[in-house]
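Try each task before you read its solution.

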Amino acid sequence: MIDPYIYLSNIADDLWDLRQQTGGKESDQAESMYNVLENIYLEPFRHKQVQSNTKKYARLAQKLQSDIAALDASIKQITGIQDKVQQVAQYAQIFDQIIAIAARLA
Amino acid sequence: MEGTKNMQSHVNVRIGWGCLLLVGGLLFCGCATTSRLAKPLGDYSAATTDANTMIGATLVSVGTLDQKVQSTPWFIESNNLTELRESAFSPFLRPDDLLQRELAAQALCTYAAKLKELAGINGSDAINKSANSAGAAINSIVTNINQLGTGSANAIPTGVVSGLASLAGNLVNIYAAAERDKALRQVLEENNQIISNICNLLADELDPANAGFIYKHVEHDYRLLEENADKRFKQATANEKPAVVTEYLDNLRKKNYTLALMRNLAVLYRQIAETHSAILAQSQGGQKPDTALARLSDDLALARFYSSQISTK
């Protein structure tokens, strides 16, 4: 199925090419038709579509931001596990020293 | 008595070998725990950051171009401007239009950076260090066992606790690495569609193949500037003509590079979506995303070139 917007955009491109490749009256006529098509029909449509897309971006960015927050929580959780391992290793060394001292005293 | 000693020695040898195998296993796991996604996600994050910078600058330049067009005699005449009112100048990208696109591109960047950070939690150094200390500690345990077995009076159990803690630490590190890989896979799976949606939306607006709204608007703006220069050229005196030609050629060059950049950014954002899918496939046990990353790198290099031509000349 042909998208009317793309179809009209292609016509506008053809009119612009005609303006470039011809001279005099023909060129002026092509330019005038190009301007009408672009300024009256295509540009307002683009403007409206861009504004409509803005809402889509807002929704998508918000969704991604909440997923980033969840991702951050995963990073903290996994980093937390490793921090605990380091702490346990440090405590273990202290225990070792205590045991070694206790053994010497015995 | 002799039989008991032999049995003790046999048990010690078995413990020794068992410990060595365990250390070997832990060292092996330590090496294997570096995320295999760390490198592709690092490259991916760098690419999204670069793309974000370029798309931000490109979108901002649309407003500057609009201003240029709106100050031409053509615009003033065709809109019958007799006095200046805000309502006569409606920007193509309003502040919110610009902001939401920038926020979406920025969120992509942050997401990629967080993925890189998650993949970077490899703890491989810590694990290898722990494994080495575990090895030393196990040797110490074996020595102590031997000393106890031979009835030595100096059987001080040095390093027993830290040895056991290192062993436990290694297991926890391996568990953490497994959790990290699981989290990465899950995040990639859950966000693949949303990344694809954002990237394709950005790409569609900049893609001439779909008569992208922003691409076509910018092209039209430049054409209006060309029309305006052409009209002024026709009315200009011989002395004035060179300046008009210079302006015309300058706009023509900017148009070509800007539109080339937009086309390229469209390809780049589609590539960013495809690379995300390729990294997801690797996390699920598929092939490495090397081809997708290579294409992303090529598209990025091209975008950087176009961008530099616009900003430096």
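This is a predicted model: local features need pLDDT of at least 70, side-chain atom pairs count only at pLDDT 80 or more; totals for chains, interfaces and linings use all residues.

Residues are numbered from 1 along each chain as its sequence is written, while chains are lettered from A and ligands numbered from 1 in the order in which they are written.

**Exercise 1. The two chains**

Find how many helices and strands there are in chain B, and what share of its residues counts as buried.

Solution. Start with the elements: helices (H or I, at least four residues) and strands (E, at least two) are DSSP runs, numbered from the N terminus. Chain B has nine helices and zero strands, and chain A has two helices and zero strands.

Next comes burial. A residue is buried if 20 or more other C-beta atoms lie within 10 Å of its own, exposed if 12 or fewer, and partly exposed in between, with C-beta atoms placed from the backbone. In chain B, 37% of the 313 residues are buried; in chain A, buried residues make up 21% of 106.

Finally, look at contacts (C-beta atoms, placed from the backbone, within 7 Å). Among those in chain B between residues at least 6 apart in sequence, 82% join residues at least 24 apart.

**Exercise 2. Helix pairs in chain B**

Work out how H2(B) is oriented relative to H4(B) and to H8(B), then do the task for H7(B) and H8(B).

Solution. Axes are lines fitted to C-alpha atoms, for helices over the stretch in contact, and angles run from 0 to 180 degrees between N-to-C directions. Angles under 35 degrees count as roughly parallel, over 145 as roughly antiparallel, 65 to 115 as roughly perpendicular and the rest as oblique.

Step one: the axes of H2 (residues 38-70) and H4 (residues 95-120) of chain B come within 8 Å and cross at roughly 165°, so these helices are roughly antiparallel. Their crossing is left-handed, meaning that the near helix is turned anticlockwise from the far one by less than a right angle (right-handed if clockwise).

Step two: H2(B) and H8(B) pack at about 155° with axes 10 Å apart, and are therefore roughly antiparallel. This crossing is left-handed too. On the H2(B) side the contact includes Ala47(B) and Ala51(B), and on the H8(B) side Leu265(B), Tyr269(B) and Ile272(B). By class, the contact has 14 nonpolar, six polar and no charged residues. For these classes, Ala, Val, Leu, Ile, Met, Phe, Trp, Tyr, Cys and Pro count as nonpolar, Asp, Glu, Lys and Arg as charged, and the others, Gly among them, as polar.

Step three: H7 (residues 213-235) and H8 (residues 241-283) of chain B have axes 10 Å apart at an angle of about 170°, so they are roughly antiparallel. Their contact divides into eleven nonpolar, two polar and six charged residues.

**Exercise 3. The cores**

Identify which residues touch the most other members of the largest nonpolar core.

Solution. A nonpolar core is a set of buried Ala, Val, Leu, Ile, Met, Phe, Trp, Tyr and Cys residues joined through C-beta atoms within 7 Å. In the largest, of 64 residues, Leu265(B) and Tyr269(B) touch the most other members. Elements giving two or more residues include H2 of chain A and H6 of chain B; H6(B) gives the most, with twelve. Beyond neighbours within four places in sequence, Tyr269(B) is in contact with Ala51(B), Cys199(B), Leu202(B) and Ala203(B). A second, separate core of five residues includes Leu15(A), Trp16(A), Tyr34(A) and Leu42(A).

Notes:
Two residues are in contact if their C-beta atoms, placed from the backbone, lie within 7 Å.
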